[in-house]
Amino acid sequence: MTSSAESSGAFGPRLRGYRTGIGISLTEFARRLYYSKGYVSRVETGLQAPSVEFARRCDAELDAGGALAALVPVHEPDAATQPEHDDDGIWTMTMTPDGRTSFTPVRRRDILLGGAAVLAAAGIRRPLPAPVAGQLAHHRELLESARGLGQVTPAAHVLPMVVGQAQALRGLAREGIARAEVGVLSARVAEFAGWMAQEAGDNDGAAWWIARSIKIARETDDRQTLAYAYVRRALLSMYQGDARTTVELARQAQKEPDTPPRILGLAAQREAQGHALAGDYDRCMRALDVAARQLDLAREKVPEGPTIGTSHVRDPVAVVTGCCLYDLGRPGEAAAVLDRELPRIPASAVRARLRFGVRQALAHAATGDLERACALTASMLEQVATIESATILADVTKLAATFRRWHAHPEVRALDPVFGRVLYRGT
């Protein structure tokens, strides 16, 4: 097995072999990539380690089929170091005067949802008591409201609300007066709490909530949430740069029995993103085709219950295609797709617009279109600071690093203080 160091050391000679094999000069190759000739030369001679983004650009330009990107190691978390999340326990939420929050589950063995009453009642089909039905209706509205609020405010501010709702549902379950409906709603609230935790920068907390949603979904036979929980776990892996696990989890979601078309489409979309990280263009495009077909089917048959997955992006496959093209080292194609799709996202979906808008700016910067990239960035950075999204900030960090290649450009220099306020806020 080749070590990471050996793979990284092999990149320069392999790159030079590909480049000279098709007769492209160093100067011309650097021009096509919008990198300096000196940087490309240092990479080829082994004096500088290549970035993942650079490797993907080289792969795409030289049509290397992912061979070059595979030589640049990407950190993949060791599964053995991941925290266990198999206890329900006591929950504590700490809130400080400045609005910061932290959630901690205190380990304690107990029965899922607080007792067997809910699980026993799940198989009994009789009308819910009116007071309980009314409570659940309000809980569904509360979840949808929290999802909307999560688009326009920091996730750390939304999370305490969602945790409170999860606790209220847990209390309903322990009273033994509700049925499977409580479990289904609990699973979906837990899944959303996982997303808010991830957006707040707490990956361990996100994994805990996702594991909880999986447990509840299994016990209450909620096939939709169970399958989608794997899609959410795949998202965690994707943002950690773990292409292999992203694909595996997305495929697991597609293997779950009785999975509805919407979840199959979202899972195939996530699989495509994993293939893009791995530099596999053909598999990525095939997965995107599957996602588009499944989501088209889903529009014809809308399942009952709260919406699972994004409800703010009209055509998620189209915008994800743009992101995948960027990860595949095709920024020009990515920019064209994202330029077309961003205006179709509602202005109220601030988090979604920023997520894909930063990718749009990255794509334009990678093609050397600094005027467009800087204009897009300037229009977003203050909102990025307000929304406080860990996943968006990860791409903003990449954007700042990309702009540093043109640090003397006046429009780039003008953005430096704004980048500083956004990336080093509170430090």
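1. A contact here means heavy atoms within 4.5 Å. With that in mind, residues 24 or more positions apart account for 67% of the contacts in the protein chain with a separation of 6 or more. Please keep in mind that this is a predicted model.

2. On the overall make-up: the secondary structure of the protein chain comes to 19 helices and 2 strands. Of its 427 residues, 50% count as buried. The chain exposes about 19,300 Å², and carbon and sulfur atoms supply 53% of that area.

3. How far can we trust it? The mean pLDDT of the protein chain is 83, with 80% of the residues at 70 or more. Over residues 1–6 the pLDDT is below 50, and this stretch has 3 contacts in the model beyond near neighbours in sequence. Residues 108–126 also stay under 50, and for them the model has 37 contacts beyond four places in sequence. Helix α5 (residues 116–121) has the lowest confidence, at a mean of 38, while helix α15 (residues 331–341) has the highest, at 96. Where pLDDT is low, the predicted coordinates should not be read in detail.

4. Helix α15 deserves a look of its own. Its buried residues are P331, A334, A335, V337, L338 and E341. What covers them includes α4 (52–62), α14 (316–327) and α16 (350–366).

5. Also in helix α15, D339 pairs with R372 of helix α17 (residues 370–387), linking parts of the chain 33 residues apart. The two side chains meet in a salt bridge at 3.4 Å, N to O. D339 is partly exposed, with a relative accessible area of 27%, and R372 is partly exposed too, at 34%. Salt bridges that share partners also join E53, R56, D327, R359, D395 and K398 into one network.

6. In total, the structure holds 25 salt bridges. One of them is between E256 and R223, with the closest N and O atoms 3.4 Å apart. E256 lies in the loop between α11 (243–255) and α12 (261–277) and R223 in helix α10 (residues 223–239), so this pair ties together parts that are 33 residues apart in sequence. E256 is buried, at 13% relative accessible area, whereas R223 is partly exposed at 22%. Another salt bridge joins E333 to R330, where the closest N and O atoms are 3.3 Å apart. E333 counts as partly exposed at 37% relative accessibility, and R330 as partly exposed at 22%.

7. The structure holds 0 disulfides. C324 is buried, with a relative accessible area of 1%, and C374 counts as buried at 4%.

8. A nonpolar surface patch of about 290 Å² is made by L142, L149, V152 and M161.

9. Finally, a leucine on the inside. L159 lies in helix α7 (residues 155–175) and is buried, with a relative accessible area of 7%. L159 and G194 are 35 residues apart in sequence and 9.0 Å apart in space, C-alpha to C-alpha.

Key: Residues are numbered from 1 along each chain as its sequence is written. Side-chain values use heavy atoms; hydrogens and water are left out. Patches are made of residues with over 30% relative accessible area and no salt bridge: like charges are joined within 9 Å, nonpolar side chains (Val, Leu, Ile, Met, Phe, Trp, Tyr) within 5 Å. Accessible areas come from the Shrake-Rupley method with a 1.4 Å probe; for residues, only the protein chains shown count as cover. A salt bridge is a side-chain nitrogen of Lys or Arg within 4 Å of a carboxyl oxygen of Asp or Glu. pLDDT is the predictor's confidence in each residue, from 0 to 100. Helices (H or I, at least four residues) and strands (E, at least two) are DSSP runs, numbered from the N terminus. A disulfide is a pair of cysteine sulfur atoms within 2.5 Å. Buried means under 20% relative accessible area, exposed over 50%, partly exposed in between (1.4 Å probe, protein chains only).
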